[in-house]
Amino acid sequence: MESTPTSVPQIHIPPPLIFIVAFLTGFALDALVPLPLLPSDFGVAWSVLPWLLIALGSAFMLWGLLTFVRARTGVIPFRPATKLVTHGPYRFSRNPMYAGLSVAYVGFSIWVNSLWPMLMLPLALWVLWKVFIEREEAYLAGTFGEAFESYRERVRRWL
């Protein structure tokens, strides 16, 4: 569905910044008080897991990003959405870019073997929800009306 938006979601910072700040805060806390996520001898299987999660999360995020680019609608939340995108990864998740970033974040936390970034993730997700997702969904509901409400009813926020 296309629309001629008259406003934007009123979000002025890039959402990945929330993940970066949370991760770096956790990493800094680990430098002060080391708190390993896994034992130091966690083996080869565990050494592959972080890269698998980083790759899968990044791929899902990029799929969502490219789907927006191909639909020629605003990718970043301070640009207007001209179309309600419901295909590609948006068939499975209303927020595939955020879901992908979350999976990659977990992978990076395992890679640095620190529990601190993992403890920061719920806070990052809460901030993401309050600062970004609530505003984006209110904006989309106001811009696309019933089409967005129908989409929201049939597609989960995450996966």
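**Rings, bridges and a helix**

Modeller: Let's start with a cluster: ring pairs link Phe19, Phe23, Phe27, Trp51, Tyr105, Phe108 and Trp111. This is a predicted model, in which local features need pLDDT of at least 70 and side-chain atom pairs count only at pLDDT 80 or more, while totals for chains, interfaces and linings use all residues. Residues are numbered from 1 along each chain as its sequence is written, and side-chain values use heavy atoms, with hydrogens and water left out.

Biologist: Why is the pair of phenylalanine 23 and phenylalanine 108 called edge-to-face?

Modeller: Their ring centres are 6.3 Å apart, which is within the limit, and their planes meet at 70°, so the pair is edge-to-face. Phenylalanine 23 belongs to helix 1 and phenylalanine 108 to helix 3, so this pair ties together parts that are 85 residues apart in sequence. Helices here are DSSP runs (H or I, at least four residues), numbered from the N terminus.

Biologist: How do you know whether phenylalanine 23 is buried or exposed?

Modeller: Buried means under 20% relative accessible area, exposed over 50%, and partly exposed in between (1.4 Å probe, protein chains only). Phenylalanine 23 has 16%, so it is buried. Phenylalanine 108 has 33%, so it is partly exposed.

Biologist: And what kind of pair do tryptophan 63 and phenylalanine 92 form?

Modeller: A tilted one: the centres are 6.3 Å apart, with 50° between the planes. Tryptophan 63 is in helix 2 (residues 43-71) and phenylalanine 92 is in the loop between helix 2 and helix 3, so the pair joins parts 29 residues apart in sequence. At 35% relative accessibility, tryptophan 63 is partly exposed, and at 42% phenylalanine 92 is partly exposed too.

Biologist: What makes you say that the charged end of lysine 130 sits over the ring of tryptophan 129?

Modeller: The rule asks for NZ of Lys or CZ of Arg within 6 Å of the ring centre and within 35 degrees of the ring normal. Here the charged end is 4.8 Å from the ring's centre. Tryptophan 129 lies in helix 4 (residues 115-144), and its 32% relative accessibility makes it partly exposed.

Biologist: How do you know that glutamate 137 forms a salt bridge with arginine 94?

Modeller: A salt bridge is a side-chain nitrogen of Lys or Arg within 4 Å of a carboxyl oxygen of Asp or Glu. The closest N and O atoms of glutamate 137 and arginine 94 are 2.8 Å apart, so the pair qualifies. This bridge links distant parts of the chain, with glutamate 137 in helix 4 and arginine 94 in the loop between helix 2 and helix 3, 43 residues apart. Glutamate 137 is buried at 7%, and arginine 94 is buried at 13%.

Biologist: Which side chain meets glutamate 137 at 3.4 Å, N to O?

Modeller: That is arginine 152, in another salt bridge with glutamate 137. Arginine 152 is in helix 5 (residues 146-154) and glutamate 137 in helix 4, 15 residues apart. With 27% relative accessibility, arginine 152 is partly exposed.

Modeller: Glutamate 137 also meets arginine 157 in a salt bridge, at 3.1 Å. Arginine 157 lies in the segment after helix 5, 20 residues from glutamate 137. Salt bridges link Arg94, Glu137, Glu149, Arg152 and Arg157 in a network, and the structure holds 5 salt bridges.

Biologist: How do you know that the length of helix 3 agrees with what it should span?

Modeller: The expected span is 1.5 Å times one less than the number of residues. For the 16 residues of helix 3 (residues 96-111) that should be 22 Å, and the end C-alpha atoms are 22 Å apart, so the two agree.

Biologist: Why is helix 3 called mostly covered?

Modeller: Of its 16 residues, 12 are buried, among them Met97, Leu101, Tyr105 and Ile110. Just after helix 3, asparagine 113 takes a positive phi of about 50°.

Technical notes
Helices (H or I, at least four residues) and strands (E, at least two) are DSSP runs, numbered from the N terminus. Rings of Phe, Tyr and Trp (its six-membered ring) pair if their centres lie within 6.5 Å; planes under 30 degrees apart count as stacked, over 60 as edge-to-face and the rest as tilted.
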